[in-house]
Amino acid sequence: MATSTTLHAVAHRLNATPVKELPPVASYLASGIADSRNILSTAHSSRGSSHEAELAQLVQKLKARITSLLNDKTPEGRWTAVVIVKATVEAGQWEILRDCANWIRSLISILGRPDPYSTKKLCIITLTRIFQLTHSYPTLVRELTTPNLPPFITTCLNQISVKSSSGQKRDLVANPVLLETVLRAFLELINSHPTIFRPFSSQIHGLLTSLMGSSPSTYYSEAGLQLAQELFVALHNCAPKNTGSEEWIKAYRSTLSTAHQTADHLFRAVIEQWESTDPNFKHTVGINYSANVGDSSVNPLGLESWSGIGAGASRLRTLISLLAKFLSTQTHSSVSLPVGTIFDLTARLLAVNAPADNQESGVSLRADISKDEKMSLWGELPALHEAALNLLRLVVEQLGTAAIPVAQTTLDQASWAFGSGKNCGVIRTAVYQLVNDVLPIVGPSMSKIAFSSIVPIVKSACREVLPPTVNITPSNDKQSGNSKQKVANADAFLQRPSQKQSTSPSTFANSDCRKPATKLLYSVLRYVPAEIIPPSLRTEIDSVSILTGNHETILASVLSPAINMSGQQIMPSLMPFLARNNPSGQDVEALLRPRMPVIAGPLLTKNVDAEDEEEQEDEDMGDYRGTSFESSLRASSNAFPSKRTLPVDQEQDSAMMDVDRESPKRVRIEEQTTTTTTAVPILTPSMPQANVTASTAATGTAVTIPEKSTEQPRSIFSDDAFKTAKPPVVEANVVTTSNVTTAQAASNTVTPQDGGDDDDSDEEIPTLNIESDSEDGDDL
């Protein structure tokens, strides 16, 4: 009901408001129509209920008012109508689209009128949206798109170009305001309706080549050039059936050949040492070295001629960007990507470097080329190297794990570019980004030799993330009478010695490089094996991580500790710094206090199985003799798991009687005299007692003998002990016994058979070894 009210308000406002005042309320009307999509997208019959008939009449009234505004004589009315049409077709979908043929024709006619560019731009956007919505309905495509899309294409081309008198070729107008809008509309529709665009493909191709080959003096927006390149790549969809991939390869090779031809003329001042890996490649012949640099010959792509170092460098960057669009633009059919040709081109571009320190050494140069041309070429090289590195980065991103065969070649070319352009911020940024994209693919499998090629890049990234410092030091040069007067910084003499800062000559100060440099350090710690990273480099990375306080880098260092080739940790962990910087982080909490269960290893599993077997034996024995004594043992074992809490038995006769009731497997009375070296726990009651140290006569071993209590303890094997519900708390002292008499054993000690075995369960009943110490032991 609220939706019906909103649509009533929109219709009333649209009819009651004067046409001149409609543009300010157009946004309100469009939002109200969008909220009424439930009514506009549903069919309503005038012969139904009264509510249905009312809604049908309301929708019909809205359509009639929109049609009237489209044909209005005022620009304000037509502008408002275009806005309302777009909102209505998006809200109503098929119910509105099936009756909008008159609206489409009216919108196309508005493009031919001298209306403001804002109205024409909205018309192009609205018509593009209508043609996109009809793509899902074959009936609407046949009734609306097929008859109306060709006139729309022609009208759009007329907005940005004019036909030449020679034929079908079109020339761009002086100031194409609607260039981006038209190119974006074509790019959105050409993939959905390639057969309709096929008759116009030659006109669009000529228009795009003139746009991409324009001189730098003719200004076109960067967004317009990017759209032109994407549309140029998408033109292969207009090819006849099953020939789209062939057209794509043909356009790709034409672009590559044009790039090499441009480089032949641009790099004519350098004697290149580069050799192509393509056997079909041929250098351009007939270059005139005495004339100004330029290319006026016909190129495979059909671009216009150029003249000058600046124009040639701009042309080459445009062609590299076009090659990148070939890699990033989706195709309807599978194509064969010649990756080797891309690396061939980038190797050629990166091999041309400016001489070190502005000296013509290390690079072979032609003597008949002017110095001004050479200096202009050196100034354009950083931008060309950046474009080549970005092209390599795009290859790695598109191929993913399939780029493993060319990953090492990519790192080598990045090292070449960094060696010659490390003083340029854009080169360093491009190198950091390229290496950062390659390491996740080949980092875990890198060797120490392969990693050594990028060590200078990683060291540079370490210096990059630190804040720059300035070295201000007053000059100490003494001036002589004949020497010229030198200018010194007066503020430097007023600076305190403690405030003087020094910095390394290689320290860079470029904030744009810090973010990719930080990501590179994280990737090195995350993906490269720790044993192949040199200790000095690892120390530097960890130090930089601590100084900058980067959480991700410190976390990666903690998760990948520094170890050597033998697997031993050679550096302390950064866990304290991680916990201090982010104590409330969930990742830090998981490292400090893990809550996952312990995974049982082979040794732990064996111990658990042994304890289970002993537990089962105790349960079987408890069924035979009762559970009172077992319950007492279990309670005391749980209270003191590391000590055996058994009372002392001082009555030998009672013990001997109780032994008969024990199982032969658990307790055995040895009649013969044996020598034991087992650590025997002496069990004493927990009441206050004084320990007396005695020495055995045979061995002289110190034995701790508890003082006898006034209360006579009960034997553990007596009938009263089985009825005791409260186990005594005892204290065990481990000593070494040898040749203890039967009387002493009965009155002072209880010696378990295997008291020193750690594998025994706490719930196992100890075995009494009552041995005679003297020859007269039998008489006792």
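This is a predicted model: local features need pLDDT of at least 70, side-chain atom pairs count only at pLDDT 80 or more; totals for chains, interfaces and linings use all residues.
## The protein as a whole

Of its 780 residues, 43% count as buried. The accessible surface of the protein comes to about 41100 Å², and carbon and sulfur atoms account for 51% of that area. Sequence separation is worth a look too: among contacts between residues at least 6 apart in sequence, 73% join residues at least 24 apart.

Let's turn to helix H9, which covers residues 138-160. With 23 residues at 1.5 Å a residue, H9 should span 33 Å, and its end C-alpha atoms are 31 Å apart, so the two values agree.

Where along H9 does a kink lie? You will find it at Thr 145, shortly before the proline Pro 147, with an angle of about 40 degrees.

Is Ser 545 buried or exposed? Its relative accessibility is 2%, and buried means under 20%, so Ser 545 counts as buried.

Which residues surround this serine? A polar atom of the Ser 545 side chain lies 2.8 Å from the backbone oxygen of Ile 541. Leaving aside neighbours within four places in sequence, Ser 545 is in contact with Asn 550, Thr 553 and Ile 554.

Definitions and conventions:
Residues are numbered from 1 along each chain as its sequence is written. Side-chain values use heavy atoms; hydrogens and water are left out. Helices (H or I, at least four residues) and strands (E, at least two) are DSSP runs, numbered from the N terminus. The expected span of a helix is 1.5 Å times one less than its number of residues. The bend at a residue is the angle between axes fitted to the seven residues ending there and the seven starting there. Buried means under 20% relative accessible area, exposed over 50%, partly exposed in between (1.4 Å probe, protein chains only). Contact means heavy atoms within 4.5 Å. Accessible areas come from the Shrake-Rupley method with a 1.4 Å probe; for residues, only the protein chains shown count as cover. A polar contact is a pair of N or O atoms within 3.5 Å; within protein, one must be able to donate a hydrogen and the other to accept it, and residues adjacent in sequence count only if both atoms are side-chain atoms.
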